[in-house]
Each structure stands twice: as C-alpha cells, then as structure tokens.
Amino acid sequence: MTNFRLDIKTRQQLAAATVRDAVIVAEGLVYEHDGAAAGHPALDGVDLAIGRGQWVALVGRNGSGKSTLVKHFNALLLPTAGRCWVDGLSTDGPENLWTIRCTVGMVFQNPDNQSVAAVVEEDVAFGPENLGLAPDEIRRRVDEALTVTGLGEYRHHAPHLLSGGQKQRLAIAGVLAMRPQVLVLDEATSMLDPQGREEVMGLLARLHRQERMTIVMVTHFMAEAALAQRVVVMDGGRVAVDDCPDRVFADVLRMRELGLAVPLPAELAFRLRQQGLTLPAGVLTEKELVGELCRLS
Amino acid sequence: MPIELIDVSYTYMPRTPFRREALRGISLTVGDGEFLAVIGRTGSGKSSLIQHFNGLLRPQRGRVTVDGVALHQNRAIDKLLRRKVGVVFQYPEHQLFAETVYEDIAFGPINHGLPAGEVEQRVRDAMRVVGLDFGEVARRSPFSLSGGQMRRVALAGVLAMRPQYLVLDEPSAGLDPAGRREILGKIYRLHRRHRLTVVLVTHNMEEVAALAERVMVMKDGRVVSDGSTRQVLVEQADRLPEWGLRPPGVVRIAAELRRRGWPLPTEVMTTGSLARAVVSICGRTDAE
Ligand SMILES: Nc1ncnc2c1ncn2[C@@H]1O[C@H](COP(=O)(O)OP(=O)(O)OP(=O)(O)O)[C@@H](O)[C@H]1O
Ligand SMILES: [Mg+2]
C-alpha cells in the first residue's frame, strides 16, 4: 500500500495538537443499548478528543464499541451518560442536530446499499438538493466532489455498474458535497478488493493533506490504520490505547491481547527481534523492513 | 467425491442492454478433502461461481454435479445435495433471520430432524469455533450484535449443519484480526482432521498463502490460472498484476530481498518461513 506517513511523532505533540483545536470531544461517554445485558454497556466511559484536521484510525476487536462510538459523532446515538460535543455543540441538544449532521458525514461498509439515484451525479446531488441550495451551488458542489473523488468521467454512469472501490468513492463524494468538516468511515473498505481499498485510502490521504479534512476511520486492516496519524484502540467499550501508529504497532503482544494484529512488516520485525536480530522499534512498512535488514548484513 | 462443473456459463439479465456475462464456460473439479482458494478482482465471477456449488444459481449452459449427482434434476435431490455444501455468503448478515442467535444457528440442524440434544451440541460446537460465548450471546437477537459478531453467527449457522463442503465467500471481512486468524485456524484443523473440503474466496493473499493447497485465479468469468499455492503465488507472481492481484506481502518482501542479493529459497510464502530463512542467512554472515 502507498505510504503517506505522518508528521506528528510523539504522544505529547499529538495531545497538544488535539487539545488546541478539538472538533469532536467525548467526555465520560456511556451508552447502553436497549435490551442489552445490564452491566455491559457498549460504551463504558470514553474520553476522547479529536483534533481538527487529524486523521484517526479507530480499531478494536468485534463488539468493542467502535460503531457505537462513531454513531455518537453525528448524533445517530445519544449518550446514556456523559457528553459528546461536535464543533462545540452538544449532541443532546435537539436544536443542534441539523448543524451536527452537516458537520459530520458518515460512510458505511456496504457499498451496494448507499446509492440512491440512477446516475452518479444525481446521487451526489441528492444531499445538497435536500439542503435546498440554489441549482448553481449544487452544480458547483457536485462537480467539486466528483473531481476530488476522481469520478468525473463516470458522472453519467449508473451507480450499480461501478466497481466496489468506485462505489465507495461515490458514497464519499455524496458526503463531501455536504461540505462536512469531519468524515467518519465505519469499515468503508472491508468489502473491497485490495485495489478498491487502495483507491479509497489514496482519496482519504488526499482529503487529509489537501483539504485538511478531519478523518475518523474504523478499520480491521492494520496496514490501513498504520497510514493514519493516530490510532485509537477500543476494548470493552473503553479506549485501551491511543498513540501514533509506529508506537501502537511496536507492542505486538499487547495488540494481540486486544484482539488485533500488527501490519506484516512490524510482525516480521518482531519475530526477527525475538530470534536475536537487532532491528529498531517502529518498523511499519515493507520498505523500512527491507532497508533495516539490508543494513544488518 | 468431488464437486464438478462442466462447461458452465451464466449471464445476468440476458437479452437486455444490461446483460453481464459472469461465467464463461467454466470447467473445474473441487476434489474431496481439498483446501482451495479462489482469488480474483471484484466482479471476476467468484461469487457467481460459488453460487453454482449449491445450486443457488442454475447454469444457463453446462452442468454441476455434487458427489456424482447432477443438481437441478428435482427438488428432493437438490435439497439433499444442498445439505452437503455449506455456503457462507459475502454479506452474511443477510442470512440471519431468527429471533435469537440460538434459533438462528439451530435452524439447519432442526430442519434436518436432529434430536434436541444433538441440536444443542451442534450449536455449542459451532459457537466455539467462531469464538462466540454461548452464555453471553445465545439468547440475544442476532440483530443486536456488532457487525463482526453477526458474521460469526452466520458462519456458525453453516458450520452447525456439518457440511461436507464448506464454501466461504470473504469470510474474514469485518472480523477482527485475532478472530480471523483463530476462526480460519480452526477451519483449517477441521480440514486436516476430518478431511473437510474448503473453498475459500478471499482478497487476503496472506490467508491464501498460509492455508490453501491449491489456488484458482478468476478473471472476466474465466479461470485464468489453477495450480498449487506455490505455483500461483510465487512462480507466477509476475503475472498476478495482469489479473488485478498483488502477491502476498511475504512474497513481495522476499522478492525485494532476493533482488538485493539475499539467497532466499522460493518456498518462502509465510511469515514464519520468511523469518526462519532471514535468521539462517544472518546467522551465516555472522559466523563468517
Ligand atoms: N442494536 C443493539 N442492541 C443491543 N446491543 C448492541 C446493539 N448494537 C451493538 N450492540 C452491542 O454493543 C457492543 C458494541 O457493539 P459495536 O457495534 O459498537 O461494536 P464494534 O466495535 O463496532 O464491532 P465490530 O468490529 O464487530 O463492528 C457489542 O457488545 C454489541 O453486541
Ligand atoms: Mg462495527
């Protein structure tokens, strides 16, 4: 996978950048699903601040609370206890709902269920039309969203004939046309083939770098998580680990305990170190691994 | 006995402007006790192919036999053959329907007329394989589960039927990495111990390298390559991009090291074997 590694290197820098300008803040967030076993809340006290312009990967074992958490970010769910703020607005104020839904755009797993129209550009226009915008403003937004997502040449195609990667880029285009500040993706690449995943990850990197978009992505692909600036690991409805990828993935045993794995090059480096080779910590990519190995011999 | 496809073709929406040829004259045999991986880009025909294995799609040309008996002769035979071939589809949450996880997984065994005790045993065993806690989950609604938990229920439902052939379409999508490794590991052990035949459709080349004995590559509705895992993933590594695929990470790293003069053997396909080979080479250079 292409490598867009980060600029923020230490936990302190990360924390400072976050606190200075948080766009999403969760404070003591607790959520109990209706009918779920008492004493096992899906979220069990989450404190988390996501900085403006940050690219955060949210990972964790099945049932750890990732989807429940991100649904709080656009008020699809409201906290049982604690609070969630989006761009300074509390999600439990009904008067804030509209603004919050415009601030945070969501993309989900299944690319087949997300398009609503017969033609790609109509699909992208659906959201802005519902905002009641003027036709030329809608036109402008649709064009822009199609350009950013690289779907310009498909504007007159039928959505169901697009490839998986294109369908997910279309879903993202539809969200971008709403001009959100934050893009939340819940396993948006999990049904795609590697090429489709790479398309989507490339698009996220571009949105992050060029448009300064805040990105929160839930994923089970550790190689994808390694591309983010920050990795938050959930476990049992709480934040278990929160740090930059090279440090998170340096602790192979801890990640296994948390139901996860580390990217392949990190796993190899770990095994080689166990067998006595001296490799530095923080090896994450194939290139870094090959480089370090060649330095050894 | 095998599953056999003889010159099977299938076109979606034939005689319309939207017609799509999904399978073009496929002949293949899934041997008894094999672990076969089917790989290929999205849209290459993999899912259409496996829907022929249990008669869910009826070939427009050609025929399908399971254990020597042709599908689509009559209902009774199809029903019997379907029991032998368990398929977990790509969006398994669409397969869920019952009010509790228990009922969902028990549906197949009950339908087969098994006694209640045996049904419960099978449900418990299947839940163990997929890593779901019986006490915690069995009485819950499957629709109140997380995405990965639902996928595990759907998989358990198929396992509880104890099929002779297990066909998995992207089984690890949505599973956490540890769960993925554990569940596939257990399925692999069922394959080794009980000669369970497994057909694994996946994009995860690491899984293919670690588990499969044979690999079939599909492109545009045709089988473009079929051979041992090493033949397809290592010897034909250069051709994979033509088929829209990439070699597994281990094979890529090994190739890069080889290019830089490391004398790595070509068998290297898994993390373990690459680590061993690297250590032995480094040990040798240390000794010099
Ligand atoms: N609608 C619901 N009703 C009751 N409990 C639920 C519901 N949805 C989720 N849960 C439970 O809440 C917990 C957290 O679920 P959540 O979907 O947030 O997990 P997740 O981290 O997204 O998992 P996955 O990786 O499988 O998608 C789990 O124990 C799950 O079973
Ligand atoms: Mg989820």
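Reader: Which two strands of chain A form a hairpin, and how many residues lie between them?

Author: Strand 9 and strand 10 of chain A do, with two residues between them. In that turn, Gly236(A) has a positive phi of about 55 degrees. Before we go on: this is a predicted model, where local features need pLDDT of at least 70, side-chain atom pairs count only at pLDDT 80 or more, and totals for chains, interfaces and linings use all residues. Residues are numbered from 1 along each chain as its sequence is written, chains are lettered from A and ligands numbered from 1 in the order in which they are written, and side-chain values use heavy atoms, leaving out hydrogens and water.

Reader: How do you know that strand 9 and strand 10 of chain A pair, and in which sense do they run?

Author: Two strands pair if DSSP finds at least two bridges between them. Strand 9 and strand 10 (residues 238–243) of chain A are joined by five and run antiparallel, which meets the rule. Val233(A), for instance, has Val241(A) in strand 10 as its bridge partner. There are five bridges between strand 9 and strand 3 (residues 55–60) of chain A too, but those two run parallel.

Reader: What makes strand 9 of chain A "mostly covered"?

Author: Buried means under 20% relative accessible area, exposed over 50%, and partly exposed in between (1.4 Å probe, protein chains only). Five of the six residues of strand 9 (residues 230–235) of chain A are buried.

Reader: And what about strand 9 of chain B: is it enclosed or open?

Author: Five of the six residues in strand 9 (residues 214–219) of chain B are buried, so the rest of the structure largely encloses it. Six bridges tie it to strand 10 (residues 222–228) of chain B, antiparallel, and four tie it to strand 3 (residues 35–39) of chain B, parallel. Met216(B) faces Val38(B) and is also the bridge partner of Asp226(B). Strands 9 and 10 of chain B form a hairpin with two residues between them, and Asp220(B) in the turn has a positive phi of about 45 degrees.

Reader: Why is Cys244(A) called buried?

Author: Cys244(A) has 0% relative accessibility, so it counts as buried.

Reader: And why is Arg212(A) called exposed?

Author: Its relative accessibility is 62%, so Arg212(A) counts as exposed. Arg212(A) sits in the loop between helix 7 (194–210) and strand 8 (214–218) of chain A. Its phi is positive, about 55 degrees, although it is not a glycine. Most residues other than glycine have a negative phi. Chain B has a case to look at as well: Arg195(B), not a glycine either, has a positive phi of about 50 degrees, and its loop lies between helix 7 (177–194) and strand 8 (197–201) of chain B.

Reader: What makes strand 2 and strand 5 of chain A edge strands?

Author: Picture the open, antiparallel sheet of four strands in the order 2-1-4-5 in chain A. Strand 2 (43–51) and strand 5 (89–90) each have a single partner strand, so one side of each is left without a neighbour in the sheet. Strand 5 pairs with strand 4 (residues 81–86) over two bridges, and Trp85(A) stands opposite Ser90(A) there. Helix 2 (residues 66–73) of chain A lies across strands 1, 2 and 4, at about 55 degrees to strand 2.

Reader: What does chain A come to in helices and strands?

Author: It has 12 helices and 10 strands. These are DSSP runs numbered from the N terminus: helices are H or I with at least four residues, strands are E with at least two.

Reader: Why is chain A called as compact as a globular protein of its length?

Author: The globule rule is 2.2 Å times the number of residues to the power 0.38, and the radius of gyration is taken over C-alpha atoms. For 297 residues the rule gives 19 Å, and chain A has 20 Å, which is close, so the label holds. Of those 297 residues, 57% count as buried.

Methods:
Contact means heavy atoms within 4.5 Å. Axes are lines fitted to C-alpha atoms, for helices over the stretch in contact, and angles run from 0 to 180 degrees between N-to-C directions.
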